[in-house]
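Subject: Structure for you to look at

Hello,

Please find the structure below, with the sequence beside it. My notes on what was found follow after it.

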Amino acid sequence: MLLVYFPIAGRGELARLIAKVGGIEDFSESTELPSGVTKAQCGSAGSVPILIDGDLKMNESSAIEIYLASIAPKYASLTPKQRAKDAQFCLLKETCCVGMATPLFEGKDKEKIQANADKYFPVLEEILPEDGFVNGLDYPTVADLAILNICEAYMPFKACYKYGEVDLAAKYPKLVAHAEKVKAVEDIAKVVSESATMSAGAFGF
């Protein structure tokens, strides 16, 4: 299995988290497609990430994340409703990613970054549990990893907080507290600490 993406968090970090925390042993990464495989064959007009797993060739970050969650041994016992909730948070992460990255790349627009944080993050806080993890289990699932991604990934999220002057812990304490709770889980802490992409900057940010 091969994930093709830049060596930054961006639209690839949640897929990495799902694969590594979820126990997918044959997961690997590259910045280049294998010889003989084109982006068009994977459904992409030019963008990444792309995932190749045997004869499966696919693009679109949320679709990749949902597929990885469906085959990860750690999440094998989830119910359809729990999987649906995880998928929802994958897509919410993607909505936030676009909403935050757009003003970042359009001149580091502080006001728009702050406005988009105020648009999306209170909604996320509203649907996070007061205690425990999103799916009510004794361990985090993909939904919780999505929140960790939003709070910890430098590109584009932490870059947005930096240039947008967003004090995440002060303005959205429930969001940050949930991410910290997820990161405190031993196997997740290990994956985060070993990640070379979570904190990587790019494109001058």
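**Two residues with positive phi**

Lysine 108 sits in the loop that runs between helix H3 (80–105) and helix H4 (110–127). Before going on, please keep in mind that this is a predicted model. The phi angle of lysine 108 is near 55°, which is a positive value in a residue other than glycine. Lysine 108 counts as partly exposed because its relative accessibility is 38%, and the partly exposed class lies between under 20% (buried) and over 50% (exposed).

Glutamate 165 also has a positive phi, of about 55°, although it is not a glycine. Glutamate 165 is in the loop between H6 and helix H7 (168–171). With a relative accessibility of 56%, glutamate 165 counts as exposed.

**Two cis peptide bonds**

Which residues does the cis bond with omega near 20° link? That peptide bond goes from valine 48 to proline 49. Proline 49 belongs to the loop between strand E2 (28–30) and strand E3 (50–53).

Another cis peptide bond joins methionine 155 to proline 156, with omega about -5°. Proline 156 is placed in helix H6 (residues 154–163).

**Helix H9**

Helix H9 covers residues 186–194, and Ile188, Val191 and Val192 are buried in it. Viewed down the axis of H9, the buried residues fall within an arc of 95°, so they line one face of the helix. The general rule behind this kind of pattern is that an α-helix has 3.6 residues a turn, so residues three or four places apart point the same way.

What covers the buried residues of H9? The cover includes H1, helix H5 (142–152) and helix H8 (173–183). On the other side of H9, the residues Glu186, Ser193 and Glu194 are exposed.

Phe6, Phe105 and Phe203 make a nonpolar surface patch of about 340 Å². One of these, phenylalanine 6, is in the loop between strand E1 (2–4) and helix H1 (13–22). Is phenylalanine 6 buried, partly exposed or exposed? Phenylalanine 6 counts as partly exposed because its relative accessibility is 41%.

When you open the model, H9 can be a place to start: find the buried Ile188, Val191 and Val192, then turn to the exposed Glu186, Ser193 and Glu194 on the other side.

Regards

Methods. Residues numbered from 1 in each chain as written. Predicted model: local features only at pLDDT ≥ 70, side-chain atom pairs only at ≥ 80, totals over all residues. Heavy atoms only, no water. Patch = residues over 30% accessible without salt bridge, like charges linked within 9 Å, V, L, I, M, F, W, Y side chains within 5 Å. Areas by Shrake-Rupley, 256 points an atom, 1.4 Å probe, with all protein chains shown as cover. Salt bridge = Lys/Arg side-chain N within 4 Å of Asp/Glu carboxyl O. Helix = DSSP H or I, 4+ residues; strand = E, 2+ residues; numbered from the N terminus. Buried < 20%, exposed > 50% of the residue type's maximum accessible area, 1.4 Å probe, protein only. Arc of directions from axis to C-beta. Contact = heavy atoms within 4.5 Å.
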